[in-house]
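Biologist: I would like to learn how to read aromatic pairs and a nonpolar core. Please show me the structure, then take me through it.

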Amino acid sequence: MHIVVLMVAMMTVQPSFVQTSAAGEAKPIKMVVLGDSLSAGLGLPGAAAFPAKLQKALRDKGIEVEITNAGVSGDTASGGRDRLDWSVPEGTQAVIVELGANDALRGIDPKITREALSDIVSRLKKRGIAVMLCGMLAPPNYGSDYAARFDAIYPDLAKAFDVPLYPFFLNGVAADAKLNQADGVHPTAEGVDIIVKNVLPTVEAFLGTIKGQPS
């Protein structure tokens, strides 16, 4: 009688034990945000920066991910390319590229920006790392020709390399004084919240393709 009761008890607890074991074995996706001050969180505490808030938003949706903040204030696309290998360590599965804003602010030839971003995406893909591009728009002070050449970089590269694109990183935040710091360029913590909310569906879809791959 006691044996039967014990067997029934074991059968009752076994499913939850399996679920716990499976959950314990699930490894988070390792992702890097390769960017400039906009994603690095200039003027904000680390917990309020884009990578930290994106990680929390994803985990709140049950998506286990470890995101490294590889943002460097003042970095151009060329600067990101120069530090690519040590900014994106071995074992990284996904990279969000948020670069180019400083190129546009400085009026750097869009050809140089395009080449640098192209090299970044190409090198990451050769390493078997999934890539998502965050686009940027040129400010109006360099004229419409410059803006047309610069703005086309991101959709062109996304199509050429078949990678997902979030068209404008600062969508919903740019030029809104309430959502930017005193410099009018860098988002406040509330601004970062809006960026994360807007970009989240694209990131979810992006990570979904990685989760579907064999580990």
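Modeller: Start with the rings. Ring pairs join Tyr 142, Tyr 146, Phe 150 and Tyr 154 into a cluster. This is a predicted model: local features need pLDDT of at least 70, side-chain atom pairs count only at pLDDT 80 or more, and totals for chains, interfaces and linings use all residues. Residues are numbered from 1 along each chain as its sequence is written, and side-chain values use heavy atoms, with hydrogens and water left out.

Biologist: How many aromatic pairs does the structure hold?

Modeller: Four. A pair of aromatic rings is described by the distance of the centres and the angle of the planes. Rings of Phe, Tyr and Trp (its six-membered ring) pair if their centres lie within 6.5 Å; planes under 30 degrees apart are stacked, over 60 edge-to-face, and the rest tilted. Tyr 142 and Tyr 146 have ring centres 5.2 Å apart and planes at 45 degrees, so this pair is tilted. Phe 150 and Tyr 154 form an edge-to-face pair, with 5.9 Å between centres and 65 degrees between planes.

Biologist: Is Tyr 146 buried or exposed?

Modeller: Buried means under 20% relative accessible area, exposed over 50%, partly exposed in between (1.4 Å probe, protein chains only). Tyr 146 has 9%, so Tyr 146 is buried. Tyr 142 has 35% and therefore counts as partly exposed. Phe 150 and Tyr 154 are both buried.

Biologist: What about the core? Which residues have the most contacts inside the largest one?

Modeller: In soluble globular proteins, nonpolar side chains tend to be buried together. A nonpolar core is a set of buried Ala, Val, Leu, Ile, Met, Phe, Trp, Tyr and Cys residues joined through side-chain atoms within 4.5 Å. The largest here has 61 residues, and Met 31, Leu 54, Leu 58 and Leu 207 have the most contacts inside it. Helix α10 (residues 189-211) gives the most to this core: nine residues. Helices (H or I, at least four residues) and strands (E, at least two) are DSSP runs, numbered from the N terminus.

Biologist: What does Met 31 touch?

Modeller: A contact means heavy atoms within 4.5 Å. Leaving out residues up to four places away in sequence, Met 31 touches residues including Leu 54, Leu 58, Val 203, Phe 206 and Leu 207.

Biologist: And helix α3?

Modeller: An α-helix has 3.6 residues a turn, so residues three or four places apart point the same way. In α3 (residues 50-60), the buried residues include Phe 50, Leu 54 and Leu 58. Just after α3, Gly 62 takes a positive phi of about 85 degrees.
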